[in-house]
Amino acid sequence: MSNTIVPRESEMSLAELRGDCARMAPHWVVPAKTAAKPVEPSRIHGVRVPPSSARLVDSMSDYGD
């Protein structure tokens, strides 16, 4: 466990947050963008939904609330 004291969110200014992000940005790796290809419905199989989830989805309205 670290002994570092982290300030509460309300104590950190937007400028400090942006500075932290700017220092971290060089460490972020952006993967190459690839286009997703559609999958034929005949290749989709083996999907299992637990009964509790199936009941939840079944009881949802068709167009959302």
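Mentor: What follows starts with the ground rules, then takes the contact, then the rest of the chain.

This is a predicted model, with local features needing pLDDT of at least 70, side-chain atom pairs counting only at pLDDT 80 or more, and totals for chains, interfaces and linings using all residues. Residues are numbered from 1 along each chain as its sequence is written, and side-chain values use heavy atoms, without hydrogens or water.

Searching the whole structure gives one salt bridge (a side-chain nitrogen of Lys or Arg within 4 Å of a carboxyl oxygen of Asp or Glu). D20 pairs with R23, and their closest N and O atoms are 2.2 Å apart. Both residues sit in helix 1, residues 14–24. They are three residues apart, about one turn of the helix. Helices here are DSSP runs of H or I with at least four residues, and strands are E runs of at least two, numbered from the N terminus.

Now exposure. Buried means under 20% relative accessible area, exposed over 50%, and partly exposed in between, with a 1.4 Å probe and protein chains only. D20 has 25% relative accessibility, so D20 counts as partly exposed. R23 reaches 54%, so R23 counts as exposed.

Now the wider chain. The chain has two helices and zero strands. Buried residues make up 0% of its 65 residues. V49 lies in the loop between helix 1 and helix 2 (51–58). V49 counts as exposed because its relative accessibility is 53%.
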